[in-house]
Amino acid sequence: MGSPLAPILANLFMEKLENEHILIPQHGQLIKTWIRYVDDILIIVNGCTDDVLVLLNNINSIHPNIKFTVELEKDNKLAFLDVLIEKHQDHLETSVYGKKTCTHLYMKWDSCNPKYQKIALIKSLITRAIRICSGETLLNAEINWIKTVLHENGYPAQLLERSIKTTFERYTNNILFNLSKNADKSQSIVEGNVCFYYLGNESRQFVSNTKRTLIKYGITNIRFGFRKYQTIDSAFSHKYKGKDESKVGVVYCIECNDCANIYVGQTGNEIDTRIDQHKKTLNKVDPNSKLFVHATEDNHTLELDKPCVLAYERNEIKRLLKNTLITYQHNNLTYNDISLKTVMFN
């Protein structure tokens, strides 16, 4: 499911398969409940284990590319998504399900992330527990587990208690997920969203100062947020399979064999790939190409096999900026277009 459209198409296909071949009158006496979420299905069958296996074989014979697997209840327990369902004689109990491979690792309290995101983590875990746990005993056990795990991740005990209390109050009063019908909706309208890199206390102080400045001019409906700047992983995650990393993300120039003029360009790909594109452009009539115009109008030859790398930059905006600055630095010799046409450079 690499394409954004793939889950939608898969869901449509599965719905058609269900309506035409599975949820049909022939299976009406056997299938008591059929609940599907993407590719996870919870089925309650009116029968025994053998009936389940027969149903599985029938479903797998519908389409050659669709193969279902089955997981039966064990000790009257069955996990579906993040819910653990336990069967009793006259009722079902539900609690939060955790895989055996769970590492209990959450966002560390001392990590360089905004405080509101850490508090939101507490509230989301508590809200999930409230929604899933079917009884007070199960809910208390899950909350105690959350306290223990978050305490291991460095969260202060007082903050945990306060956040848990606040979440319970808001959930009980139906405020967390539903707005009051009598609320003034005009006050909740957001006119714009602004996102900054989170760099610690300096970022929070900057946002606070910006908000105070905007309030002076009557601007109050701007929502501010943060995103991470760089991670340790980002320093090691650049992979260019089959490419020479020393040639990727460069500002380059192409010299002319018959005059002193140069062409300054930039590319995020490997420079050899970009030069091959230039060669293909010269082989066909392209009046929009500055290289083509220079080579044909004056009958000059270009030194395409020996491009000169002027700067390295993986970031596209910074690379365009370097390309623009170098072009202006040699504006009496360059004939390429300007990458960043802004007031700054006009």
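**Notes on the predicted model**

1. Three strands form an open sheet in the order E9-E8-E10, and their pairing is antiparallel. Strand E9 (262-270) and strand E10 (308-312) are the edge strands, each pairing on one side only. From one strand to the next the twist averages 30°. The model is a predicted one.

2. Strand E8 (residues 248-255) pairs with E9 in the antiparallel sense, over seven bridges. Within this pairing, valine 251 has glutamine 266 in E9 as its bridge partner.

3. Helix H9 (residues 316-329) lies across E8, E9 and E10, and runs at about 170° to E9.

4. How many aromatic pairs does a search of the whole structure find? The search finds six aromatic pairs. One of them joins tryptophan 109 and tyrosine 155, with 5.3 Å centre to centre and 55° between the planes, and is tilted. Tryptophan 109 is in the loop between strand E5 (92-96) and helix H3 (115-132), and tyrosine 155 is in the loop between helix H4 (136-152) and helix H5 (157-172), so the pair ties together parts that are 46 residues apart in sequence.

5. The two rings of that pair can also be described by their accessibility. Tryptophan 109 has a relative accessible area of 23% and is partly exposed. Tyrosine 155 is buried, at a relative accessible area of 1%. The tryptophan 109 ring has a charged neighbour as well: lysine 118 lies over its face, at 5.3 Å from the ring centre.

6. Tyrosine 116 is partly exposed, with 43% relative accessible area, whereas phenylalanine 226 counts as buried at 15% relative accessibility. Tyrosine 116 is in helix H3 and phenylalanine 226 in strand E7 (residues 222-228), and the pair links distant parts of the chain, 110 residues apart. Ring pairs also link Tyr116, Tyr198 and Phe226 into a cluster.

7. The count of salt bridges comes to eight. Among them is the bridge between the side chains of lysine 16 and glutamate 20, at 2.6 Å from N to O. Both residues lie in helix H1 (residues 6-22), four residues apart, which is about one turn of the helix. Lysine 16 is partly exposed at a relative accessible area of 46%, and glutamate 20 is partly exposed at 44%.

8. Lysine 87 and glutamate 73 form a salt bridge through their side chains, at 3.3 Å from N to O. Lysine 87 is in strand E4 (residues 83-87) and glutamate 73 in the loop between helix H2 (49-60) and strand E3 (77-80); the pair links distant parts of the chain, 14 residues apart. Lysine 87 counts as partly exposed at 39% relative accessibility. Glutamate 73 is also partly exposed, with a relative accessible area of 42%.

9. Which residue forms a salt bridge with lysine 290? The partner is aspartate 337, and the closest N and O atoms are 3.7 Å apart. Lysine 290 lies in helix H8 (residues 290-297) and aspartate 337 in the segment after H9, so the pair ties together parts that are 47 residues apart in sequence. Lysine 290 is partly exposed, at a relative accessible area of 34%. Aspartate 337 is partly exposed, at 45%.

10. A last point concerns isoleucine 44, which is in strand E2 (residues 40-45). Isoleucine 44 counts as partly exposed at 36% relative accessibility. With neighbours within four places in sequence left aside, isoleucine 44 is in contact with Leu30, Ile31, Lys32 and Thr33. Isoleucine 44 and isoleucine 31 are 13 residues apart in sequence, and 6.4 Å apart in space from C-alpha to C-alpha.

Methods. Residues numbered from 1 in each chain as written. Predicted model: local features only at pLDDT ≥ 70, side-chain atom pairs only at ≥ 80, totals over all residues. Heavy atoms only, no water. Phe/Tyr/Trp six-rings, centres within 6.5 Å; stacked < 30°, edge-to-face > 60°. Helix = DSSP H or I, 4+ residues; strand = E, 2+ residues; numbered from the N terminus. Buried < 20%, exposed > 50% of the residue type's maximum accessible area, 1.4 Å probe, protein only. Lys NZ or Arg CZ within 6 Å of the ring centre and 35° of its normal. Pairing = 2+ DSSP bridges. Axes fitted to C-alpha atoms, helices over the stretch in contact; angles between N-to-C directions. Contact = heavy atoms within 4.5 Å. Salt bridge = Lys/Arg side-chain N within 4 Å of Asp/Glu carboxyl O.
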